[in-house]
Amino acid sequence: MFELSAEEEVIRDRARELGERVVRPEARRSDEDRVFNRAVLEELGRAGLVGGPIRKVYGGSELGHRAQALIYEELGRIDSAVRGFLAVQTGLVASCIQAWASEEQKLRWLPPLCRVEAIGCYCLTEPGAGSDVAAMSTRARRDGADWVIDGEKFWITNGNVADVALVFAQADPEKKHKGITAFLVPTDQPGFRREKMTAMELGHRGADHARIRFEGLRVPDAARLGAVGEGFKVAMAALDCGRLGVAAGAVGVHAACLDAVLDHARRRRQFGQRLGDFQMIQKTIADMHVGLEAARCLTMKAATDLDAGRDATRAVSVAKLFATEAAAEAAHQAVLLHGGRGYSNDYPVERYYRDIVGLEIYEGSSNIQRLIIARGLLGRDEGQTL
Ligand SMILES: Cc1cc2nc3c(=O)[nH]c(=O)nc-3n(C[C@H](O)[C@H](O)[C@H](O)COP(=O)(O)OP(=O)(O)OC[C@H]3O[C@@H](n4cnc5c(N)ncnc54)[C@H](O)[C@@H]3O)c2cc1C
């Protein structure tokens with residue numbers, strides 16, 4: 001199952017080549033200067049890496065989830081902010097439009113999103129509603145043929161640069177998650193206000209994160225994605241693709257940590273021999289390799305399930321949980337193995353160490369993945385609503 005096809009190998013090699021040529025030279029500067037580097041993303045779009053799973057008729061490359069996972073891994077190996085952009089643009093927004101939007105909306109948004117001539121964002125999290133999505137207080141109310149949306153979202157990746165936003169709002173609070181409704185909103189509408197998040201982030205410093213306010217934002221009913229009350233389903237279906245991107249991105253970070261460790265363990269000498277010749281260091285290297293292999297297998301298993309059209313929610317959660325936690329441990333060990341050097345930005349491992357924490361939090365934290373896995377195994381008790 002985990003042998004790559006010839007086509008998958010070509011895509012992986014292409015992503016690797018572009019990552020090295022286009023992303024790597026900018027990665028450190030983007031992080032240190034906190035710059036959202038649009039030119040890099042546009043080049044990935046022109047090279048066909050952004051519209052992976054989108055059908056060719058809408059400007060995409062019609063790749064499977066496995067091939068897409070390889071792209072995420074290769075970009076994640078170099079820059080989590082760039083890989084994170086892609087997971088939102090492709091995995092959450094474009095995939096959602098392809099699955100749920102009208103033909104008119106697909107033709108309007110998918111070709112420019114695939115080429116990065118337009119940017120999308122996914123507006124779910126609110127100050128009072130993170131893991132508990134159903135607690136959202138953003139409201140959508142009917143007003144004649146339109147909807148009027150009021151509320152606030154934050155931590156929205158691409159939010160300040162997006163041309164189109166996937167907005168989740170509560171249309172019937174009494175129904176809790178069954179009242180949530182999804183809308184596709186051009187960001188140049190009156191009532192769509194956004195600002196950069198002011199605090200300095202731990203990682204993903206080359207990414208754009210916004211606080212967005214909807215103040216009497218008026219949208220026609222044609223902007224709705226899915227039926228009224230189907231927004232939670234839209235959001236969760238999108239997260240299956242998005243979380244696969246996070247798992248594969250974590251595999252990339254893990255691989256980058258192992259590469260850095262091997263390089264350092266070969267070069268650095270103490271007590272008259274290479275660091276890598278000490279058995280305790282070899283344990284670290286072996287454990288990192290085993291974790292990486294396992295994370296990659298789980299990620300490809302989830303991608304294979306998605307490609308086969310099987311219900312992949314649990315497999316994706318298993319992959320995201322394991323891959324992000326294994327990569328976080330690998331990043332910690334990579335910094336330690338570099339000694340004082342690892343504690344400074346002379347070496348890239350400190351950025352991997354900062355970035356990987358974000359992957360453990362967004363698109364559902366580790367604990368939320370554990371809830372999804374365990375509840376799926378247990379099944380619901382009669383009358384249980386949570
Ligand atoms: C870099 C970055 C980019 C992001 N991009 C986006 C984006 O594009 N769009 C978007 O909508 N959101 C985005 N987010 C927000 C992200 O999805 C949320 O931060 C995440 O879902 C967690 O929500 P929270 O921060 O409110 O934490 P909380 O929900 O308050 O959770 C805090 C802690 O409590 C734990 N916890 C919560 N509930 C339970 C429970 N029932 N059982 C056990 N433990 C629990 C969590 O695991 C976590 O460790 C982004 C976040 C980051 C850091």
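**Reading contacts and packing**

Analyst: In this predicted model, a polar backbone atom of W155 lies 2.9 Å from a nitrogen atom of the ligand.

User: Which residues come nearest to the ligand?

Analyst: One begins with the surrounding residues and then turns to individual atom pairs. Around the ligand there are 15 residues, of which T125, S131, W155, T157 and S365 come nearest. For T125, a polar side-chain atom is 2.7 Å from a ligand nitrogen atom. In the side chain of S365, an N or O atom lies 2.5 Å from an oxygen atom of the ligand. W155, by contrast with these side chains, takes part through a polar backbone atom.

User: How should I read the packing of two helices, and at what angle do helix 7 and helix 8 pack?

Analyst: The angle between the axes is read together with their separation. Helix 7 (residues 279-307) packs against helix 8 (residues 313-337) at about 155°, and their axes are 9 Å apart. An angle over 145 degrees counts as roughly antiparallel, and helix 7 and helix 8 are therefore roughly antiparallel to each other. The crossing of helix 7 past helix 8 is left-handed. On the side of helix 7, the contact residues include I281, M288, L298 and L306, and on the side of helix 8 they include V316, F322, A326 and L337. Sorted by class, this contact of helix 7 with helix 8 comprises 16 nonpolar, four polar and two charged residues.

User: Which residues of helix 6 meet helix 9, and how are the two helices oriented?

Analyst: Helix 6 (residues 231-267) and helix 9 (residues 349-361) have axes 10 Å apart and pack at an angle of about 160°. These two helices are therefore roughly antiparallel, and helix 6 passes helix 9 in a left-handed crossing. From helix 6, V246, G249, A250, V253, A256, C257 and A260 meet V349, Y352, I356 and L359 of helix 9. The class count for helix 6 with helix 9 is ten nonpolar, one polar and no charged residues.

User: Is the crossing of helix 1 and helix 3 left-handed or right-handed?

Analyst: Handedness is stated separately from the angle. Helix 1 (residues 6-33) and helix 3 (residues 65-76) cross at roughly 25°, their axes coming within 9 Å. That angle makes helix 1 roughly parallel to helix 3. Their crossing is right-handed. E8, I11, R12, A15, R16, G19 and V23 of helix 1 meet R66, A67, L70, I71, E74 and L75 of helix 3. By class, the contact of helix 1 with helix 3 holds seven nonpolar, one polar and five charged residues.

Terms used: Residues are numbered from 1 along each chain as its sequence is written. This is a predicted model: local features need pLDDT of at least 70, side-chain atom pairs count only at pLDDT 80 or more; totals for chains, interfaces and linings use all residues. Side-chain values use heavy atoms; hydrogens and water are left out. Axes are lines fitted to C-alpha atoms, for helices over the stretch in contact, and angles run from 0 to 180 degrees between N-to-C directions. Helices (H or I, at least four residues) and strands (E, at least two) are DSSP runs, numbered from the N terminus. Angles under 35 degrees count as roughly parallel, over 145 as roughly antiparallel, 65 to 115 as roughly perpendicular and the rest as oblique. A crossing is left-handed if the near helix is turned anticlockwise from the far one by less than a right angle, and right-handed if clockwise. Contact means heavy atoms within 4.5 Å. Ala, Val, Leu, Ile, Met, Phe, Trp, Tyr, Cys and Pro count as nonpolar, Asp, Glu, Lys and Arg as charged, and the others, Gly among them, as polar. A residue is near a molecule or strand if one of its heavy atoms lies within 4 Å of it. A polar contact is a pair of N or O atoms within 3.5 Å; within protein, one must be able to donate a hydrogen and the other to accept it, and residues adjacent in sequence count only if both atoms are side-chain atoms.
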